Amino acid sequence: MNTKPITELASNIGQEVTLNGWLYNNRPSGKVQFLMLRDGSGLCQCVIEQTKVDDMLFEQLKHLGQESSLSVTGLVREEPRSPGGVELVVSDAHIHCEATDYPITPKEHGIDFLLKNRHLHLRSLRPWCIGRIRHTVIDAIRRFFNDNGFTLVDTPIFTTIAGEGEQTLFEVDYFGQPLHLAQTGQLYLESAAMSFGKVYCFGPTFRAEKSKTRRHLTEFWMVEPEVAYIDLPGLLNLAEDFVFSIVQRVLKDNRSELETLGADIASLEQIQKPFVRLTYTEVADILTSERTKTFMAEQLAQFQAEKQVLETELAEIEAAEAKGGLKKWKQEKNARRMLEIRSELVELEVKIENNPKHARLAADFQWGKDLGGSDETIISLMHDRPVFVTHYPKAAKAFYMKSDRTNDTVVENFDLLAPAGFGEIIGGSVREDDYEHLLARIRKEGYNPDSYQWYLDLRKYGSVPHGGFGLGVERTVAWITGEKHIRQCIAYPRMMDKVYL
RNA sequence: UCCCCGAUAGCUCAAUUGGUAGAGCGAGCGGCUGUUAACCGCUAGGUCGUAGGUUCGAGCCCUACUCGGGGAGCCA
């Protein structure tokens, strides 16, 4: 048996092959049937002509339910009418498991229903495309660091000290000792960087933030590089090369998935080096400027214009429906379009409602505050390539960030904002490498210096300038794929208020 | 934690001003030799989230609760 994956069919035209897969869609049409088969590598249309197969088999296939598993054997041929340009002319088939009443039909479903059925939903086209892209992103991440002299160091998930804020820790009972789940591998990584020079860790990260938004998960994957002997400009260059390489890899390896998802490929192709570099102080000036005021007003006008267009279309469809006399298929198409319009209108309403609030927040922005999500969105919307924001106020940032020795009120940190309104995908900094400075910061935060003894040690024995950053995998995937919600970018999402499977 | 919206068939949604609960998909049966989320005909499928209240009468109005969605704050 000449078994092939669907992806290899184009190079096997004229040959008899066997495909192992699942039934994605079934369209019987009298004496000919079209089975859409998926095998994990792709989709293939299989044609069954009654005259060419056994009668019993023909009847059996005709009634085969969605997601039944089967192997089909037949001749591969070019066929312009088939999606993909190739099809299999079936001569024989073996059914492994007949599925009936598969819950996820080829129609719209609500998100709650899909997440309750996530174990099955993973088989659908959209999650499949996103999963493939996620795989590429992760491979590109590993490749980038491995090819650039970094050593992988696996940092612990049970941790003894906090890296970010102590409120966001998941505490676990570790044989009577309270430990918490890692919210970063950074502190351990700094220690490893003093051994290997350039290191990275890659694994799940846990944050107990009470954030019920489309940008948050309580368990997400983060990659964190840490480099000895590096300064802030060096870190920005590293992050720039890194993100650029990820985008290029996805454009190269997953073009068809991006197309299926309706991702904005043109915008991804516009991502070129150098990225924009702004300081926090410059951002504060931009936010409070006339330019931003105008920009926000223009955004609002645009949203309202879009709303107008959609409302007009909706009214036209409703009028046509009321008039009656439409064919059934036309009615169904209208119903689908109306649903689409309504959900787009809801999205627009939210944007229209939020715009003045965000405009006011930006206009009233005071130096010293951390940038809010809306502020990041504004800056990100103003640029068509990623934006670095550097030198945040010391008071708004974590204790381990190195203060700028020429301006003690700010730290040598950066965030990277993905373009077109997506917002933050990376946060990083140069680390405080001076023992006394660090100790003072730990005390000021109210942490117990005893818990940080080993971390402080690193500043006693051959301390060097060093730094690193963390990139959130799901956020990166959401940005690249254009997926609106981060929960679609991981197979089994863990959200603040709900864990499904 | 706060604000807004929602819950009707297995799924996605309708139901005029409070007056007999509807459609598509899916399921079952039948038809069709080129379908593209196929199409056409027929059949089955409902305690309208839960508990109270107003009313001659409640899917629709009021109250509480449960669950879900979106947003704010915070962050990768």
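A residue is counted as near a strand if one of its heavy atoms lies within 4 Å of it. The structure shown is a predicted model.

**View 1. Residues surrounding RNA strand B.** In this predicted model, RNA strand B is surrounded by 62 residues. The closest are Asn 25, Pro 106, His 109, Arg 214 and Arg 475. Of the atoms of RNA strand B that come within 4 Å of the protein, 56% belong to sugar and phosphate. By class, the surface near RNA strand B comprises 26 charged, 19 polar and 17 nonpolar residues.

**View 2. Helices and strands near RNA strand B.** Several elements each supply at least two residues of this surface, among them strand E1 (16–29), helix H2 (111–116), helix H12 (373–381) and strand E17 (423–430). Helix H11 (328–363) is also one of these elements, and H11 gives the most, with eight residues.

**View 3. Side-chain contacts with RNA strand B.** An N or O atom in the side chain of Arg 27 is 2.8 Å from a phosphate oxygen of RNA strand B. For His 109, an N or O atom of the side chain is 2.4 Å from a sugar or linking oxygen of RNA strand B. The side chain of Glu 209 likewise has an N or O atom 3.0 Å from a sugar or linking oxygen of RNA strand B.

**View 4. An open sheet of three strands.** The strands lie in the order E7-E9-E8, with antiparallel pairing. Strand E7 (158–159) and strand E8 (171–174) stand at the edges with a single partner strand each, so one side of each has no neighbour in the sheet. Four bridges join E8 to strand E9 (residues 177–181), and Val 172 stands opposite Leu 179 in E9.

Key: Residues are numbered from 1 along each chain as its sequence is written. Chains are lettered from A and ligands numbered from 1 in the order in which they are written. This is a predicted model: local features need pLDDT of at least 70, side-chain atom pairs count only at pLDDT 80 or more; totals for chains, interfaces and linings use all residues. Side-chain values use heavy atoms; hydrogens and water are left out. Two strands pair if DSSP finds at least two bridges between them. A polar contact is a pair of N or O atoms within 3.5 Å; within protein, one must be able to donate a hydrogen and the other to accept it, and residues adjacent in sequence count only if both atoms are side-chain atoms. Ala, Val, Leu, Ile, Met, Phe, Trp, Tyr, Cys and Pro count as nonpolar, Asp, Glu, Lys and Arg as charged, and the others, Gly among them, as polar.
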